[in-house]
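Subject: Structure for your pocket work

Hello,

Here is the structure I said I would pass on. My notes on its pockets follow below it.

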Amino acid sequence: MTLTGTVLDEIIAGVREDLADRRARTSEAELAERAAAAAPVRDAAAALRGDGATLGLIAEVKRASPSKGHLAAIPEPATLAGAYAEAGASAISVLTESRRFRGSLDDLDAVRARVDVPVLRKDFMVEPYQVLEARAHGADLILLIVAALTDAQLQELGAQARELGMQALVETHTAAELERALALDPALIGVNARDLKTLEVSAERAHDLLREIPAGPLAIGESAVRHVGDVEDYAATGADAVLVGEALVISGDVPGTVAAFREVPRRGRETGATR
C-alpha cells in the first residue's frame, strides 16, 4: 500500500529522518547487546487481562499530539508513570516520537526504571532497528500501526517482536485493517477512533469495529476518551482495555481518574465473527 499526502505520511517521513540519525550513533550490534542485558519482558496481555472483572488501562505519558498540539509539559515522565502505576494502571505507554508528540527514548528509559508494570513503546515503527531499540530500552510491548505498514512489514516486525519476547499492539481503524491485523494472530488488537491519515475522530466507527473482533485477542479501545462515560462506551462494545493519554495528563487528578477508569466493568464481546 502507498500512503501519499496524509498526516501519517508526514509523521513517518520525520520518523525515518530521526531514525537515520540514531542509527548513525548506535549500531544494531550495540543495541543487541543492550537488549540481551535488559530485564526480562513483562507479559502485557496478562497484565491487561487482569482478573477479567474490570477494564484494563494503558495510561500514556503524552506531552502533545498532532491534533491538539501541546497538552502538558511533563518534566518528569517517571513521576507521572509512577503515579499511574500506583493508582492501578495495567501498563504504561510512552510516546517516543519527538516531532509531533515531543517524546523520546530518554522518557522510555526513565519510565522503565520507575515502574514494574509492562511498558509500551508507542511510536511509528517502520524498521526492524526500532523494534530492537525498543527492547534495548526496556519496552515489553510495541505498537504496529496497520495503516502505516505493508503486510510484509507487519509480518517482519511482528515476528521480530516475538523473537525478542515482546508483544505487539496491532492498531486498526477500518474493517480492512482489522482483517489484515487478524492475519497476524496478535495477542492485542487496538481500535483507534482517530484516523491518523486525516486526524478525524469517530467513536461510533471504533465501537462498530470493536464488535467485529473475535474471541481470542484482547481488544483495546484508543482515542476519544474524555471521561468515564467514554470508557463505559468502549466496555459496552467489547473492549478489554483502553489506552488513554490526553484525558489523564490534563485531568488535574491523575490517581482519581486512573482509579475511575479502572473501575469500569468489563462486558465481554458478543460477536458472530470467527477466526
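**Pockets in the model**

At least two residues of the second largest pocket's lining come from each of helix 1 (7-25), helix 2 (28-37) and helix 6 (128-136). Please keep in mind that this is a predicted model. Helix 1 is the main contributor to the lining of the second largest pocket, giving 5 residues. The space in the second largest pocket comes to about 300 Å³. Its lining has 20 residues, and those closest to the centre are D18, R22, R25, L105 and E133. Sorted by class, the lining of the second largest pocket has 9 charged, 7 polar and 4 nonpolar residues.

The largest pocket holds about 590 Å³ of space. It is lined by 35 residues, of which K62, R194, S223, A224 and E246 are the closest to its centre. Five elements each supply at least two residues of the lining of the largest pocket: strand 6 (141-145), helix 9 (203-211), helix 10 (228-236), strand 10 (241-244) and helix 11 (246-249). Helix 10 gives the most to the lining of the largest pocket, with 3 residues. The classes in the lining of the largest pocket are 17 nonpolar, 12 charged and 6 polar residues.

For quick reference:

- Largest pocket: about 590 Å³; 35 lining residues; most from helix 10.
- Second largest pocket: about 300 Å³; 20 lining residues; most from helix 1.

Regards

Notes
Residues numbered from 1 in each chain as written. Predicted model: local features only at pLDDT ≥ 70, side-chain atom pairs only at ≥ 80, totals over all residues. Heavy atoms only, no water. 1 Å grid on protein atoms, 1.4 Å probe; cavity = no way out; pocket = protein on both sides within 12 Å on 5 of 7 lines; lining within 4 Å. Points joined across faces, edges and corners; volume = space filled by probe spheres on them. Helix = DSSP H or I, 4+ residues; strand = E, 2+ residues; numbered from the N terminus. Nonpolar A, V, L, I, M, F, W, Y, C, P; charged D, E, K, R; others polar.
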